[in-house]
Amino acid sequence: MAKHDQDLARAERLFNKRHFAEAGEGYTKVLFRTGDNGPIYTRLGLCHLYGTDLGKAEYFFDKALALDPYNKVALMTAAYLDLLADRESAALHKYTQLLQLRYEKRNI
């Protein structure tokens, strides 16, 4: 098993146990080894969101969406962060994208 696979498995276990700071460190190691990775950026965003660092969470969701604009979790959570920051029109745009994906039946 490759080192990044071991780090990813460990980070997933920590995330599932709600140890978000430690999980974030693990995901960062994986990202360092693998390069840009939308699902890892999404997980890092969730770690920072649950750790209440909303600025870093938003950064990682934006990175995830830049790689995959159909990332449902990143879109939904980024819209939520827009609502928290009183950016209703940006949130509405993201929610509209989510609804459009549903009707287009894209693989998301």
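**Confidence and side-chain contacts**

Visitor: Which element of the protein chain has the lowest mean pLDDT, and which the highest?

Guide: This is a predicted model, in which local features need pLDDT of at least 70 and side-chain atom pairs count only at pLDDT 80 or more, while totals for chains, interfaces and linings use all residues. Residues are numbered from 1 along each chain as its sequence is written, and side-chain values use heavy atoms, leaving out hydrogens and water. pLDDT is the predictor's confidence in each residue, from 0 to 100, and helices (H or I, at least four residues) are DSSP runs numbered from the N terminus, as are strands (E, at least two). The lowest mean, 86, belongs to helix 6 (residues 88-104), and the highest, 96, to helix 4 (residues 54-67).

Visitor: How many residues apart are Asp-7 and Arg-33?

Guide: Five salt bridges are found in the whole structure, each a side-chain nitrogen of Lys or Arg within 4 Å of a carboxyl oxygen of Asp or Glu. One of them joins Asp-7 to Arg-33, with the closest N and O atoms 2.3 Å apart. This pair links distant parts of the chain, helix 1 holding Asp-7 and helix 2 holding Arg-33; the separation is 26 residues.

Visitor: Why is the pair of Phe-15 and Tyr-27 given its class?

Guide: The structure holds six aromatic pairs. Rings of Phe, Tyr and Trp (its six-membered ring) pair if their centres lie within 6.5 Å; planes under 30 degrees apart count as stacked, over 60 as edge-to-face and the rest as tilted. Because the centres of the Phe-15 and Tyr-27 rings are 6.4 Å apart and their planes stand at 65°, the pair is edge-to-face.
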